[in-house]
Amino acid sequence: MARGSAEVPLSILELAVVGSGVTPTETLRASTELARRAEEWGYHRIWVAEHHGMPSVASSSPAVLIAHLAAATRTIRLGSGGVMLPNHAPLIVAEQFGTLHALHPGRIDLGLGRAPGTDQATARALRRHGLDADEFPEQLAELTAFLDGSFPQGHPLERVVATPRSPESGRPPIWLLGSSGFSAQLAGILGLPFAFAHHFSSANTLPALELYRSSFQPSSVLDRPYALIGVSAVAADTSAQALRLARSGALSTLRLRRGAPQPVPTPEEAEAYPYSPFEEDFVQEHLSNVVLGDATEVREGLNQLRKRTEADELMITTMVHSPADRIRSYELVAQAYGLPGGS
């Protein structure tokens, strides 16, 4: 795998960010353009995340968006970062990703999380049968059995077949996602790759990775731990411009935390917002967890983070208002690392 000067593969977490004054159609067209260009630049994979009820995010249906992006590209890996399993019947997920795997063999990843990916009211609307996140290990085992066709004799679901399924080509790789220790330990015990949400849970990153590695048991999937971390980054032509762009994402996050989600504001809207001292402190804390600057500064920040965490892969997510600025940020990172198509 060619990756320029990067010590580990570089990937993208695509949230299909909807900016103020930008339509979802324009956003998803930009996501498609990003996928095409990321493939040219040499990024390893693109994942899309399941979020619901958020005006700033258009990736509420990962399987649909993955199918579209995979059809628009040829080689880059596509996957979910992730599907929130408690929101779905395992059979449905097995059928969706079995279909994706049949359409694009060898290119599909199935990343799974146990949070609802939304507020409690929307979660209740999604969880028609009262599923609980604490049932995640059982749901995961059921999903895996559907994908593998491996229910034991006498199991109540033994005769239920998830189709399409291709025994000769196996199943899409399963990843566990997390922002705390629960999924870290479970991924380790099961010998699965693990993706940690450093971009919104940085205080838990090192403890979770240590728990994953110390819990790891070799499996038919992995003989050693493999940990990916999601990292928020904004690259621009100047440091000042990167900070200006990043403040839009910070204000969007502030509004979400206050229960008033809106599309990502423009940089001008973020500059004009009347921040209280508490809100400005929140923004500064948020920005402290964003790797931002010009291309060289972002490369150095990512290198330091990788060294500190010993991550096996970095997955970059960029929340700014403009689709063009978002695509440009990923291009600058590719250029900074000398990725094959990033020059």
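Strand S7 runs parallel to strand S9 (residues 313–317), and five bridges join them. Strands are DSSP runs of E with at least two residues, numbered from the N terminus, and two strands pair if DSSP finds at least two bridges between them. This is a predicted model, in which local features need pLDDT of at least 70, side-chain atom pairs count only at pLDDT 80 or more, and totals for chains, interfaces and linings use all residues. Residues are numbered from 1 along each chain as its sequence is written, and side-chain values use heavy atoms, with hydrogens and water left out.

In S9, Thr 317 is the bridge partner of Ser 232. S7 also runs parallel to strand S8 (residues 290–293), with four bridges; there Gly 293 partners Ala 235. Three bridges join S7 to the parallel strand S6 (residues 194–196), where Ala 195 stands opposite Leu 228.

S7 covers residues 227–235, and nine of its nine residues are buried (under 20% relative accessible area; exposed is over 50%, partly exposed in between; 1.4 Å probe, protein chains only).

The structure holds nine aromatic pairs. Rings of Phe, Tyr and Trp (its six-membered ring) pair if their centres lie within 6.5 Å; planes under 30 degrees apart count as stacked, over 60 as edge-to-face and the rest as tilted. Two of the pairs are edge-to-face:

| Pair | Centre to centre | Angle between planes |
|---|---|---|
| Trp 41 and Tyr 43 | 6.4 Å | 65° |
| Tyr 273 and Tyr 275 | 4.7 Å | 65° |

Trp 41 is buried at 3% relative accessible area, and Tyr 43 is buried at 4%. Tyr 273 is partly exposed at 23%, whereas Tyr 275 is buried at 18%.
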